[in-house]
Amino acid sequence: MNPSTASTSSERDESSVTATDRVYDAVYRAVLEHRLEPGQRLREEEMAAEFGVSRTVVRQALQRLAQDQVIELMHNRGARVPMPSLDDARHVFEARRVVECEVARRLGGHLSGEQVDELQSLAQAEMEADRRGDRAEAIRLSGEFHNALARMYGNPVYVRMLTGLMPTTSLLMARFKLHGGQVCVAHRHVDLISALLKGSGPAATEMRKHLVELEQSLVASPRSPRRRLRDVFSAYRDDDETTTGAST
C-alpha cells in the first residue's frame, strides 16, 4: 500500500488532494473507525451523491481501495467492505507479531525524549476519547499509536505492511471482538511505553502480549445492524479537514 494513500487528511498537502483522495480517505477511515460494517455494500450512485462528486471519481477511489485490500470489488455486483473470518485473524495477527515485535525490540531502550512524548500524548488522547465515549476517535488513535512506532523505527516496508494490515484488523474487531470493545485498550499502550523504556527484551515481550490479547478477544458473535451510508460518511463529509483535503 502506498503510505500517501493511507494517510489521514491532516497529513496531506492540501494543494495535492483530489476528489478521489477525499473519497478514498473517508472510506479508509470509516473502515478503521468501525463506521462501516463488514460486508456492507458501497453503491457508487449513493456515494457520489453523499460526496458531491461524479460516479467516475467514486469508481476510481473504490479501485484504489480494492488494490489496497480495504474493500472488495465483486464482478457485476459492485463494491463491499470485506468480511474477514477468524481464520484470517490468525494470519493477520501472525504477520503483525512478526512486524511489531521486531519494531518494539529494535526501539526498546532507544527512544528519544521527543518520541516518548509523542507516544505518551497519543496514549493519553486515546484514554480521554475512551472516557468521553468517542469510540471512533479512540480507535483512530489506537491505530495511530501502532503506526507511530513503525514510523519511528524507520523501515518504510514495515510501515506499508502495518498500514495494509490495519483495515483488516479493524474489521475483525468490528465483527468478532467480545462485547464490541475498541481495537486496543489504552492502558495497554501505557504499559507498552513503560516496556519500551526498559529495553529490547521487555518491549518485544509486552508487544507480543498485547497482540496475543487482541487476537484472543475475538469470538464468533451475532452481527449488529448496518448503518446507512448517509450516516456513515456524514462525519467525513462535514469534517473541514476531509472536505478540504485519508490507519490500521
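In what order do the 3 strands of the open sheet stand, and is their pairing parallel or antiparallel? The order is β1-β3-β2, and the pairing is antiparallel. The model is predicted, and local features need pLDDT of at least 70, side-chain atom pairs count only at pLDDT 80 or more, and totals for chains, interfaces and linings use all residues. Residues are numbered from 1 along each chain as its sequence is written, and side-chain values use heavy atoms, with hydrogens and water left out.

Helices (H or I, at least four residues) and strands (E, at least two) are DSSP runs numbered from the N terminus, and two strands pair if DSSP finds at least two bridges between them. In the sheet, β1 (41-42) and β2 (72-74) are the edge strands, each pairing on one side only. Between β1 and β3 (residues 78-80) the antiparallel pairing runs over 2 bridges. R41 stands opposite R80 in β3. Strands of a sheet pair through backbone hydrogen bonds, either parallel or antiparallel.

The cores are described next. A nonpolar core is a set of buried Ala, Val, Leu, Ile, Met, Phe, Trp, Tyr and Cys residues joined through side-chain atoms within 4.5 Å; buried means under 20% relative accessible area, exposed over 50%, and partly exposed in between (1.4 Å probe, protein chains only). The largest nonpolar core has 33 residues, and L119, F145, L149 and L196 have the most contacts inside it. Two or more residues each are given to this core by α5 (86-107), α6 (113-131), α7 (135-153), α8 (156-176), α9 (186-198) and α10 (200-216). The most come from α5, with 8 residues. Contact means heavy atoms within 4.5 Å. With neighbours within four places in sequence left aside, the contacts of L196 include A104, L107, L119, L149 and A203. A second, separate core has 27 residues, among them V23, Y28, L32 and L42. In soluble globular proteins, nonpolar side chains tend to be buried together.

A26, in helix α2, counts as buried because its relative accessibility is 1%. The C-alpha atoms of A26 and A61 are separated by 10.0 Å, the two residues being 35 residues apart along the chain. E44 lies in helix α3 (residues 44-51) and counts as buried because its relative accessibility is 19%. Not counting residues up to four places away in sequence, E44 touches R55, V58, R59 and L62. H34 lies in the loop between α2 (19-32) and β1, and at 6% relative accessibility it counts as buried.

Most residues other than glycine have a negative phi. The phi of H34, however, is positive, near 65°. Q69 also has a positive phi, near 60°. On a 1 Å grid over the protein atoms alone, a pocket is an open set of points with protein on both sides within 12 Å along at least five of seven lines, where a 1.4 Å probe fits, and lining residues have an atom within 4 Å of a point. Of the 14 lining residues, D68, Q69, G164, L165 and T168 are the closest to the centre. Helix α8 provides the largest share of the lining, 6 residues.
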